[in-house]
Amino acid sequence: MVEVKRVGLPLSAEDAAGLRVGDMALLSGRLVTGRDRVHKYLVEKHPGKGDIPFDLEGAVLYHCGPVIKKTDAGYQVLAAGPTTSMRVEMYEADVIRQYGLRGIMGKGGMGDKTLRALQEVGAVYFQTTGGAAAYLADMITEVAGVWKLEEFGPTEAMWLFEIRDFPAVVTMDSHGNSIHKEIEAVSFEKFRTLAGKI
Amino acid sequence: MLKLRDGIVELYRKVASSLPPDVEEAVKGALAHEAEGSGAAATLSVILENVKRARDTFRPLCQDTGVPVFYVKVPFGLSQKELKNTIMEATREATQKVPLRPNAVDIITEKNSGDNTGEGFPVIYFEETSGGALIIDLMLKGAGCENAGQTYKLPVEELAAQRDLEGVRKCVLDTVQKAQGRACPPYILGVGIGATKDQVARLAKEQLMRKLTDSAATGEIAALERQLVSDINELGIGPMGLGGRTTAMSVKIAVNHRHPASYFVDISVGCWAMRRGRLIW
């Protein structure tokens with residue numbers, strides 16, 4: 001059985017550098033969410049650090065559009081699994097460099113452009129289980145803030161979550177390794193055999 | 001149609017928060033098949049734990065409660081217009097009550113309607129039935145897997161896919177190879193073959209409503225369904241794309257007649273969280 005690493009957020013440069021593909025991690029601390037609209041906005045409008053209410057330096061950005069219920073006591077997260085990361089491939093490298101992110105979390109992995117940016121700044125990509133939204137919501141202990149709720153709506157807003165023992169696997173590391181890339185290469189060879197000579 | 005509206009709201013709740021028994025069984029079967037202590041086994045265990053937690057607490061099992069797709073069988077004499085209104089009202093109510101994630105976005109203003117209704121949203125297909133009961137089937141189709149779908153116009157030279165079932169097999173494999181782990185495997189795949197691209201897209205998606213335990217009525221098609229499950233699992237993409245023995249749990253194929261000059265194949269990719277259910281009224 002693989003050893004599980006406990007990782008505190010925001011990620012330190014040392015922690016990020018120490019993570020390798022295949023590592024199972026339990027994340028605790030604060031992270032922010034962001035998906036299609038947040039990425040488009042960050043890259044097109046370049047808001048300064050002072051314009052964003054959360055500190056993105058060293059932060060983990062989670063590709064997630066949660067189901068949130070507003071109660072008298074505040075916001076309650078009902079379901080919060082990952083969304084497909086590849087949709088923001090065209091933006092992510094710029095976002096990582098500009099805002100100093102040290103981690104991305106989502107599902108399905110990302111492409112070469114993001115992999116190079118991770119290596120350049122010393123950041124990692126975590127994959128968590130797609131569709132496991134109720135289970136993962138149970139690892140979110142607090143909604144600590146939200147940005148762009150009115151403009152983007154609850155699905156696309158940037159949420160600040162406090163999480164505890166949130167399970168994830170490092171699938172792209174800061175040393176240029178990607179499990180997604182490896183598996184795609186192996187499956188492509190199988191595909192060529194199965195589909196006949198093409 | 002107040003009571004019917006309540007029934008549809010409950011259908012939404014059930015479909016959003018519980019995995020159909022045949023799909024859950026297939027996930028359990030996949031877990032038994034993966035190597036102990038592997039990432040694939042760990043992923044499938046989390047999936048099963050999630051299914052249990054969502055069902056026990058009536059929460060959406062995936063945060064993407066998807067595009068609602070209705071297949072409605074209407075007895076003679078019932079107004080489809082009224083049924084559509086009732087479905088729209090139930091959708092607004094279910095969005096609040098279940099709750100569902102609001103997913104209907106205006107193309108021009110980029111504004112989310114906030115209640116899962118809009119132009120062509122939800123998707124509703126009506127068909128008249130000779131029986132006396134109104135049958136409402138609902139699928140909540142997640143967008144991660146919807147985005148992985150493909151349409152092919154055979155022949156496709158790059159795949160050496162000719163206009164025959166062998167060509168269809170290559171198209172389905174190509175779709176899964178392109179999807180990798182991005183659309184939440186282990187997958188359920190719906191395949192439609194026929195004369196026009198609108199028709200095969202609908203046919204492919206409709207196959208996702210079939211129980212995983214059934215197989216196509218025609219021998220050749222049933223054989224292709226089995227062959228494809230075996231071929232796809234050879235790819236080794238595995239649960240959530242981390243590698244493993246189960247990439248597809250099921251492949252469902254349906255065919256229509258085609259035009260001599262056309263051979264369209266559409267593949268609708270379904271994630272493991274294949275949420276579907278039926279209300280009989």
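Is A:Thr84 buried or exposed? In this predicted model, A:Thr84 has a relative accessibility of 9% and therefore counts as buried. Good morning, and thank you for coming. I shall begin with this threonine and then turn to the contact between the two chains.

A:Thr84 sits in the loop that joins strand E5 (74–79) to helix H3 (89–99) of chain A. Which residues does A:Thr84 touch, apart from its neighbours within four places in sequence? They are A:Lys107, B:Gly144 and B:Arg182.

A:Thr129 is found in the loop between strand E7 (124–127) and helix H5 (133–137) of chain A. With a relative accessible area of 11%, A:Thr129 is buried. Leaving aside neighbours within four places in sequence, A:Thr129 contacts A:Pro82 and A:Leu136, and from the other chain B:Thr43, B:Val46, B:Ile47 and B:Met240. From A:Thr129 to A:Ile163 the distance is 16 Å, C-alpha to C-alpha, and the two are 34 residues apart in sequence.

Let us now consider the contact between the chains as a whole. How many residues does each chain bring to the contact? Chain A contributes 43 residues, and chain B contributes 43 residues. The area buried between chain B and chain A is about 3600 Å², and carbon and sulfur atoms give 61% of that area. On the side of chain B, the three residues B:Arg59, B:Gln63 and B:Arg182 supply 19% of the area that this chain buries against chain A, more than any other three residues.

I turn next to the packing of two helices in chain A. Two packed helices are described by the distance between their axes and by the angle between them. Helix H2 (residues 36–45) of chain A and helix H6 (residues 149–156) of chain A have axes that come within 9 Å and cross at roughly 140°. H2(A) and H6(A) are therefore oblique to each other. From H2(A), the residues A:Asp36, A:Arg37, A:Val38 and A:Tyr41 meet A:Glu151, A:Phe152 and A:Glu156 of H6(A). By class, this contact has three nonpolar residues, four charged residues and no polar residues.

In chain B, helix H7 (residues 197–206) has B:Val200, B:Leu203, B:Ala204 and B:Lys205 among its residues, and these four are buried. The buried residues of H7(B) pack against several elements of chain B, including strand E1 (67–75), helix H5 (143–146) and strand E7 (264–270). In the loop between E6 and E7 of chain B lies B:Ser262. B:Ser262 has a relative accessible area of 18% and is buried. Beyond its neighbours within four places in sequence, B:Ser262 is in contact with B:Arg163, B:Gly194 and B:Ala195.

Finally, the cysteines. How many disulfides does the structure hold over all chains? The number is zero. B:Cys171 is in no disulfide either, as its nearest cysteine sulfur, that of B:Cys145, is 19 Å away. Both cysteines are buried: B:Cys145 has a relative accessible area of 2%, and B:Cys171 has a relative accessibility of 0%.

Definitions and conventions:
Residues numbered from 1 in each chain as written. Chains lettered and ligands numbered in written order. Predicted model: local features only at pLDDT ≥ 70, side-chain atom pairs only at ≥ 80, totals over all residues. Heavy atoms only, no water. Disulfide = S-S within 2.5 Å. Buried < 20%, exposed > 50% of the residue type's maximum accessible area, 1.4 Å probe, protein only. Axes fitted to C-alpha atoms, helices over the stretch in contact; angles between N-to-C directions. Parallel < 35°, antiparallel > 145°, perpendicular 65-115°, else oblique. Contact = heavy atoms within 4.5 Å. Nonpolar A, V, L, I, M, F, W, Y, C, P; charged D, E, K, R; others polar. Buried area = accessible area lost by both parts, 1.4 Å probe.
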